[in-house]
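Hello,

Here is the structure I promised to pass on to you. Have a look at it first, and then read my notes below.

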Amino acid sequence: MLNKIEPSLPDPIMSLMEAYTQDPHADKVNLGIGLYYDHQGNIPVMQAVKIAEQRLVEQQRPHTYPPIEGAPLYANQVQTLLLGQPMARVATVQSVGGSGALKLAADFLYHALSRREIWVSDPTWSNHWAIFEGAGLQVKTYPYFDDNTGLVSFDAMMGALSCLPTGAVVLLHPCCHNPTGSDLTPSQWRSVIDLMHQRRLLPFFDIAYQGFGEGLEEDSFALRETLKTDLDFLVSHSFSKNLALYGERLGSLSICCASPSVASNVKGMLKTLIRRSYSCPPIHGSQIVETVFADPALYQNWVGELAAMRQRIRQMRISLSAALELQGASLDYARIRNQKGMFSYTGLNESQIGQLRHQHAIYLVAPGRMCLPGLNAHNIDYVTAAIVDVTRTTSKR
Ligand code: LMR
């Protein structure tokens, strides 16, 4: 029976990470998967996390089952981070990373709201397609990015959103757009939210990089603005990046409802979906968050370290863009400097990405997504020279 199973296509991001790990090249550089590396090329354990873990070891709490939706304290802390304060009209559950939140939301949309379609930006994170299609939704796109200008195609985006049917589910990246690094301005967000309000669309915000754009508060601007309307909306979120807790698989799904009683029913539905999928969430990661967020000094420590990470990425943007300009690379280096978050949509084409990988052991996600934190003072000259080389030998897209 099993012989008929065909080979699967490898995941474009995870398989790149595997190939990078196995590459014996001494100067290899990982600019692929969305991972933060420090200036020495190491994935940091944040100070606040280290201290919280020490406290947890000392407390030796039992490894009991948590509630299906995760601990109430965790939900309150997540709501405060995302929305400014805990709110009874928001149903929040812990999820297995940001991806788990997206899958849970997709199941909710399909089973509880009978939705069969979702609109995502063109382009978007490749796993959005995989998760939503895997959950039975048809994925459609709205225009988002113009690779010729390196800017958001805002008018085209608004035009497309204004034609969607009432109740259409629209996935939006509140900050650090993945893969382009090109975000909407606050005034553009206001226009999008007004339009969604007029057309009674259903916003679904996926925020995986809060704190890597302008700051924790600033990056949640779209959520806070939508909260001022009477729109229902969904928020999937992740602590993988901003607490560097990638492997703990820690995130959340929040659904903002018209009233606390609606939120209670929505939470009940989410609990049903969780229980029949993986029963209840793991506890270690959420206990770290509870410990860090409940202690004002630890929280400030985290905020400061995250700000330093954001600054380092910005510095790498400035340095790479300046180095490319100096070396006369035929690439739009201004966009590398101006884009936000971990990623830049460099404008490098598939063939150039292939050459970077096979001739220089530099890994980027096709077509042209660079993860900036993989750069540091030790490898930036090597990467610059390689980009100059591949943009000289192949034509610009
Ligand atoms: C990425 O876009 O590289 C990250 O979100 C990691 C992943 O799971 O793809």
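The lining of the largest pocket is made up of 15 nonpolar, 12 polar and five charged residues (Ala, Val, Leu, Ile, Met, Phe, Trp, Tyr, Cys and Pro count as nonpolar, Asp, Glu, Lys and Arg as charged, and the others, Gly among them, as polar). Of these 32 lining residues, M14, S99, W125, K241 and R249 lie nearest the centre of the pocket. A pocket here is an open set of points on a 1 Å grid over the protein atoms alone, where a 1.4 Å probe fits, with protein on both sides within 12 Å along at least five of seven lines; lining residues have an atom within 4 Å of a point.

Please keep in mind that this is a predicted model, where local features need pLDDT of at least 70, side-chain atom pairs count only at pLDDT 80 or more, and totals for chains, interfaces and linings use all residues. Residues are numbered from 1 along each chain as its sequence is written, and side-chain values use heavy atoms, with hydrogens and water left out.

The second largest pocket has 24 lining residues, with D183, L184, T185, E214 and K340 nearest its centre. Its lining divides into 10 nonpolar, seven polar and seven charged residues. α13 gives the most to this lining, with three residues (helices are DSSP runs of H or I, at least four residues, and strands of E, at least two, numbered from the N terminus).

Now to α1: L16, A19 and Y20 are its buried residues (under 20% relative accessible area, while exposed means over 50%, with a 1.4 Å probe and protein chains only). The face turned away from them carries the exposed E18, T21 and Q22.

Best wishes
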